[in-house]
Amino acid sequence: MFLFNRKRFGSMKLTMIGLMVMMLFLSACGNNNPGNASNAGTDQATAPTAEATEAPAAPKTLTDAMGHEVTIPANPQRVLGSYLEDALVTLGVTPVAQWSVTNGIQDYLSTELKEVPTISYDLPLEAVTSFAPDLILIPSESSVQNGIYDQLNKIAPTYVIGDKLNQDWRKSLLKIGEILNKTPEAEKAIKDYEDKAAAAKEKLKGAIGDESVAILWLVQKNFYIVDETRSSGAVLYTDLGVKLPNLVTEIPVGTRATWNPISLEKLSELTADHIILVNSDKTEGSEILDSAIWEGIPAVKAGNVHEMSSTSSWLYSGANAGGKIIDDVLKSFVK
């Protein structure tokens, strides 16, 4: 009896072991099947997402135009960039204060900066402190001479963009984008502007061909003219390909400024087909515009003077300013 049961138990034991081995084999095959639903779910749950693998922002040290090693906060929240507001707005950043002078602000940005308080262009230290910035951006080296940089840097990390970059709004925008972790936004803004300029250039070519245009600024009874490298001149002559007038090509390269003073008598030699006049002198300067010399200029005689408001963007540079200048040009010349 005992021997009989032992044999039977041994047989059952071998059968059970065989079944267990087969189940383990099938289970292993199922887990290795890429089409297995439960396995796919496990893979999806454990796969890292783009957000999970993206490194969080961290403080970084950058060298500015004056050689300062500046530690930039990971995510600056209170940026002061006086006279760099065009770039900040373009990148979706609202500064804690906006540049101002006695006569006003950058009016063309009034919509974007309507809730932003003003600060004087010379950045009084008490005013800067009151805005509690966590990052200060300075456009030019000349703005922070004689110990001013050190005083500002005690309030918040201070980075000087520098004249070399600041003279080209694209380069300045890219640098500010790098500082604020917004390089993709800066690159997109430049591409959007270039696309807009290219389309406008074609329309303008069809409207005025190779006719020349001079840009004049009248302020405090004095005229100024811009060349092809700065401000609205860079937009009109370089980006839109408009023909330069004679007086612009005669400005000595070594003495060129953003806006170059020019006498009324010298303007009498202007042979431009059109004049764009930025009039900041509606009252006192009106007598100049009634003078025989002004009225004798060919473009004036032909009625080809296109007047722009002093509150427009024609005196400034940037993606915003340039885009609005292009809009004004199309309204004036493309019918």
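Predicted model: local features only at pLDDT ≥ 70, side-chain atom pairs only at ≥ 80, totals over all residues.
Biologist: Okay, helices. How are two packed helices described?

Modeller: By two things: the angle between their axes and the distance between the axes. The axes are lines fitted to C-alpha atoms, for helices over the stretch in contact, and angles run from 0 to 180 degrees between N-to-C directions. Helices (H or I, at least four residues) and strands (E, at least two) are DSSP runs, numbered from the N terminus. Take helix H8 (residues 169-179) and helix H9 (residues 183-208): their axes come within 7 Å and cross at roughly 155°. That makes H8 roughly antiparallel to H9. Angles under 35 degrees count as roughly parallel, over 145 as roughly antiparallel, 65 to 115 as roughly perpendicular and the rest as oblique.

Biologist: And which residues in H8 and H9 meet?

Modeller: Contact means heavy atoms within 4.5 Å. On the H8 side, look for Trp-169, Arg-170, Leu-173, Leu-174, Gly-177 and Glu-178; they meet Thr-183, Ala-186, Glu-187, Ala-189, Ile-190, Tyr-193 and Glu-194 in H9. Sorted by class, this contact of H8 with H9 has seven nonpolar, two polar and four charged residues. Ala, Val, Leu, Ile, Met, Phe, Trp, Tyr, Cys and Pro count as nonpolar, Asp, Glu, Lys and Arg as charged, and the others, Gly among them, as polar.

Biologist: At what angle do H9 and H16 pack?

Modeller: About 20°, with the axes of H9 and helix H16 (residues 319-333) 10 Å apart. H9 and H16 are therefore roughly parallel to each other. Their contact holds 11 nonpolar, two polar and three charged residues.

Biologist: What about H10 and H16: at what angle do they cross?

Modeller: The axes of helix H10 (residues 231-239) and H16 come within 10 Å and cross at roughly 55°. That makes H10 oblique to H16. Ser-232, Val-235 and Leu-236 in H10 meet Gly-322, Ile-325, Ile-326 and Val-329 in H16. The classes here are five nonpolar, two polar and no charged.

Biologist: Which residues does Gln-106 touch?

Modeller: Leaving out residues up to four places away in sequence, Gln-106 touches Tyr-83, Glu-85, Trp-99 and Tyr-316.

Biologist: You mentioned Tyr-83. What is its phi?

Modeller: Tyr-83 has a positive phi of about 70°, although it is not a glycine. Find Tyr-83 in the loop between strand S3 (79-80) and helix H4 (85-90); it is partly exposed, with a relative accessible area of 37%.

Biologist: And what is the phi of Ala-132?

Modeller: Ala-132 has a positive phi too, near 45°, and it is a residue other than glycine. Ala-132 lies in the loop between helix H5 (125-130) and strand S6 (135-138), and counts as partly exposed at 43% relative accessibility.

Methods. Residues numbered from 1 in each chain as written. Heavy atoms only, no water. Buried < 20%, exposed > 50% of the residue type's maximum accessible area, 1.4 Å probe, protein only.
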